[in-house]
Amino acid sequence: MAKTAMIPVDNGLLAGLREFLRQVLARPEIAAVLVPCQLPMKAMVMPTLVSDPEQLSAANPLAPVFPLNGARVVTRLTRKEAGRTVVAVLRACEIRAFIELVKLKQGRREELIIVGIDCLGAYATKDFLPLADQGIEELTGRFLQSAMGEKEGELDGIGLAPACQACVNPVPDGADLIIGLLGADTGRALPVTAATEKGESLLENLDLPGGKAPEGREAAVAALVERRMARRKAMIDATRALTDSLEKLTAYLGACVNCYNCRVACPVCYCRECVFVTDVFDHEPCQYLGWAHRKGAVKMPTDTVFYHLTRLAHMGTACVGCGQCSNACPNGIPLAELFITASAPLQEAFDYHPGRSLDEKPPLAEFREKEFEEVVGIK
Amino acid sequence: MNDFEPTVIAFVCNWCTYTAADLAGTSRLSYPPNVRLVRVMCTGMVDPQYVLKALLEGADGVLVSGCHPGDCHYINGNYKARRRIKLLKALLPQFGFAPQRLRLTWIGASDGIEFAHVMQELVDQVRELGPSEAKTKMVL
């Protein structure tokens with residue numbers, strides 16, 4: 001039976017969560033807490049590694065923005081033994097991406113306790129910036145009201161990022177401790193449930209009243225997932241119609257300038273050095289002339305569609321749908337829609353659910369003797 | 001499109017299919033010249049990227065061909081290749097590539113006759129499909 005305690009939030013959700021994190025940080029075995037914090041110099045929220053409990057007054061894990069996927073940050077903290085344990089507060093998609101990276105031995109699950117909070121989504125970073133001018137805490141409050149109500153996060157006519165609207169995994173299943181927003185009485189207390197032994201032993205040492213998950217939680221999760229499923233299907237259908245031929249795909253990617261920001265932002269683009277920045281693509285000048293001659297015209301820089309298709313082939317099975325590719329694109333190409341759409345059949349082909357379990361190997365990292373015989377032969 | 005001559009890029013493994021191609025040659029068997037062989041040490045080294053590049057540069061068909069299951073010189077490269085082809089076959093049709101433009105076969109070193117037969121049939125099939133979109137349209 002999973003152990004559940006209650007985080008009192010009568011002074012507000014953020015105050016309650018900050019107090020909870022202070023208690024966590026006070027434990028001698030915990031060296032630091034990695035949590036999104038409001039920056040002192042700018043209305044923005046960034047993952048921050050906090051060791052001074054005072055600094056937790058800037059923590060804001062509920063702000064409707066994540067300018068980068070925290071999985072990559074956590075791998076930096078865990079790739080080697082540090083001798084101390086860190087607690088990381090992550091979104092569900094960040095946890096899934098981290099699990100994918102652990103499978104690739106780029107991070108470690110040891111010396112790490114993951115706290116996940118039910119994710120209500122986030123705005124695209126470019127939409128968040130003007131909204132945040134009114135103050136992040138106030139915005140966070142308005143956002144939560146909208147997200148828990150009927151408007152599903154829409155504020156001042158601005159909706160959640162498309163990837164978030166289509167996200168069907170809002171519950172941070174891979175976390176050690178899961179803080180439940182969905183179905184909770186957010187005026188009084190939030191349930192925090194230990195999903196692993198590690199989580200349980202931390203929870204036992206905190207001074208929190210016991211409790212149980214609210215009865216409405218399952219129904220609230222199911223209702224949210226159902227709405228998101230419908231959105232996801234609509235998004236996939238629309239994107240498929242826009243990209244179902246090479247010509248259309250080329251038009252879809254027409255504004256791409258080969259900056260490769262999407263690859264940098266992608267938490268599961270796992271290569272330490274991407275082939276597209278190696279000398280494999282340092283072509284000789286005469287090669288460009290040759291291509292131009294053969295085809296009559298060649299767009300510069302070259303290999304734009306090739307780059308995106310290669311990325312899909314390399315990380316498509318691991319795509320967690322966090323939408324950071326769209327955030328990173330300087331020219332507003334709806335990349336998250338494309339990658340979520342095109343990855344779905346890849347994940348289906350191998351019945352693979354990225355980030356679900358450390359026991360499931362990446363599809364291209366294993367094989368069986370007898371499988372997929374339908375792809376062999378010329379009939 | 002009577003004068004359409006398809007281009008087929010075939011990634012063949014050194015130990016089986018390439019040897020079969022060699023055998024077909026020394027046995028004076030003929031097969032269509034539309035096939036351009038790229039010899040690789042093992043089909044397990046064919047990154048999906050190679051296939052994508054070939055198709056985007058205007059190849060009308062791509063073949064990956066290696067040793068029969070259990071015969072791989074490197075023990076299991078062909079099983080890895082099969083997963084990658086599975087992946088590409090789930091990826092490419094989404095963007096309008098006919099799935100028949102990408103093929104995977106196992107042709108053993110002694111199968112010279114089989115090699116010539118497969119090449120003939122493959123080229124016939126690709127000819128039937130017509131030129132690939134990547135050949136006729138500008139690809140960015």
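A:R356 is partly exposed, with a relative accessible area of 49% (buried means under 20% relative accessible area, exposed over 50% and partly exposed in between, with a 1.4 Å probe and protein chains only). Its side chain meets that of A:E360 in a salt bridge at 2.6 Å, N to O, where a salt bridge is a side-chain nitrogen of Lys or Arg within 4 Å of a carboxyl oxygen of Asp or Glu; A:E360 is likewise partly exposed, at 24%. This is a predicted model, in which local features need pLDDT of at least 70 and side-chain atom pairs count only at pLDDT 80 or more, while totals for chains, interfaces and linings use all residues. Residues are numbered from 1 along each chain as its sequence is written, chains are lettered from A and ligands numbered from 1 in the order in which they are written, and side-chain values use heavy atoms, with hydrogens and water left out.

**Salt bridges**

- Over all chains the structure holds 27 salt bridges, and 7 is the count between chain B and chain A.
- Within chain A, A:R18 forms a salt bridge with A:E137, with the closest N and O atoms 3.0 Å apart; the pair links distant parts of the chain, from helix α1 (residues 13-26) to helix α5 (residues 136-148), 119 residues apart (helices, H or I of at least four residues, and strands, E of at least two, are DSSP runs numbered from the N terminus).
- A:R18 counts as buried at 10% relative accessibility, whereas A:E137 is partly exposed at 39%.
- Between chains, B:K53 forms a salt bridge with A:D303, with the closest N and O atoms 2.7 Å apart, and this pair runs from helix α2 of chain B to the loop between α11 (285-295) and α12 (304-315) of chain A.
- B:K53 is partly exposed, with a relative accessible area of 23%, while A:D303 is buried, at 10%.
- Another salt bridge joins the side chains of A:E247 and B:K137 (3.4 Å, N to O).

**The contact between chain B and chain A**

- Contact, meaning heavy atoms within 4.5 Å, takes in 37 residues from chain B and 51 residues from chain A.
- The two chains bury about 4,000 Å² between them, 65% of it on carbon and sulfur atoms; buried area is the accessible area (1.4 Å probe) that two parts lose on being put together, summed over both.
- B:R83, B:F95 and B:L140 supply 22% of the area that chain B buries against chain A, more than any other three residues.

**Fold of chain B**

- The secondary structure of chain B comes to 5 helices and 4 strands, and from the N terminus on its elements run β-α-β-α-β-α-β-α-α.
- Along its principal axes the C-alpha trace of chain B spans about 40 × 30 × 20 Å, and 59% of its 140 residues count as buried.
- Among contacts in chain B between residues at least 6 apart in sequence, 83% join residues at least 24 apart.

**A buried threonine in chain A**

- A:T75 lies in helix α2 (residues 71-78) of chain A and is buried, with a relative accessible area of 6%.
- Leaving aside neighbours within four places in sequence, A:T75 is in contact with A:F98, A:L101, A:Q106 and A:G107.
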